[in-house]
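I opened this structure for the first time today. These are my notes on what I looked up.

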Amino acid sequence: AQGWGGLFEVAVTPERRRRGLARALVGRCADEAARRGARSLYLQVGAENTPAVALYKSLGFTVHHTYVYLRTPEPASPRTA
């Protein structure tokens, strides 16, 4: 939309990781997005997914925004006397 392409849920099965498949997939997606008129790409990835964050940084992506998910608070732990 308006010159942007987005990547979501990029995943490689565990037994096929560390072979360059995600890098190739992102590259093909970037090529296709450019072919369709996108000048920029964005993606969402959990900050705790350090392998993915490292991959995206190596491809030139930078952090623009961060987000958090709303979670149910943990129950208070009982006090011991």
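**Entry 1: an aromatic pair**

I began with Y42, which is partly exposed, with a relative accessible area of 37%. The model is a predicted one, in which local features need pLDDT of at least 70 and side-chain atom pairs count only at pLDDT 80 or more, while totals for chains, interfaces and linings use all residues. Residues are numbered from 1 along each chain as its sequence is written, and side-chain values use heavy atoms, with hydrogens and water left out.

I then looked up ring pairs and noted that the structure holds four aromatic pairs. Rings of Phe, Tyr and Trp (its six-membered ring) pair if their centres lie within 6.5 Å; planes under 30 degrees apart count as stacked, over 60 as edge-to-face and the rest as tilted. One of the pairs is F8 with Y42: the ring centres are 5.8 Å apart and the planes stand at 80 degrees, so I filed the pair as edge-to-face. F8 is in the loop between β1 and α1 and Y42 in strand β2, so the pair ties together parts that are 34 residues apart in sequence. Helices (H or I, at least four residues) and strands (E, at least two) are DSSP runs, numbered from the N terminus. F8 is also partly exposed, with a relative accessible area of 45%.

Y56 and F61 form another edge-to-face pair, 5.9 Å centre to centre with 75 degrees between the planes. Both Y56 and F61 are buried. I also recorded a cluster of W4, F8 and Y42, linked by ring pairs.

**Entry 2: the nonpolar core**

Which residues make up the largest nonpolar core? I listed nine: L7, V12, A22, V26, L43, A52, L55, Y56 and F61. Such a core is a set of buried Ala, Val, Leu, Ile, Met, Phe, Trp, Tyr and Cys residues joined through side-chain atoms within 4.5 Å. The elements that give two or more residues to this core are α1 and α2, and the largest share, three residues, comes from α2. In soluble globular proteins, nonpolar side chains tend to be buried together.

I checked V26 for contacts (heavy atoms within 4.5 Å). Not counting residues up to four places away in sequence, V26 touches L7, V10, Y56, L59 and F61.

**Entry 3: the largest pocket**

I noted a volume of about 1500 Å³ for the largest pocket. A pocket is found on a 1 Å grid over the protein atoms alone, as an open set of points where a 1.4 Å probe fits, with protein on both sides within 12 Å along at least five of seven lines; lining residues have an atom within 4 Å of a point. Grid points are joined across faces, edges and corners, and the volume is the space filled by probe spheres set on the points.

The lining has 42 residues, of which L43, V45, A52, V53 and Y56 lie nearest the centre of the pocket. Two or more lining residues come from each of β1 (4-7), α1 (21-35), β2 (40-43) and α2 (50-58). Which element gives the most to the lining? I found that α2 does, with seven residues. By class, the lining has 24 nonpolar, nine polar and nine charged residues. Here Ala, Val, Leu, Ile, Met, Phe, Trp, Tyr, Cys and Pro count as nonpolar, Asp, Glu, Lys and Arg as charged, and the others, Gly among them, as polar.

E9 is exposed, at 77% relative accessible area. R18 is in the loop between β1 and α1 too, with a positive phi of about 70 degrees although R18 is not a glycine. R18 is exposed, at 86%.

A38 is in the loop between α1 and β2 and is buried, at 17%. Leaving aside neighbours within four places in sequence, A38 is in contact with G3, W4, G5 and A33. G3 lies in the segment before β1 and counts as buried at 16% relative accessibility.

Definitions and conventions:
Buried means under 20% relative accessible area, exposed over 50%, partly exposed in between (1.4 Å probe, protein chains only).
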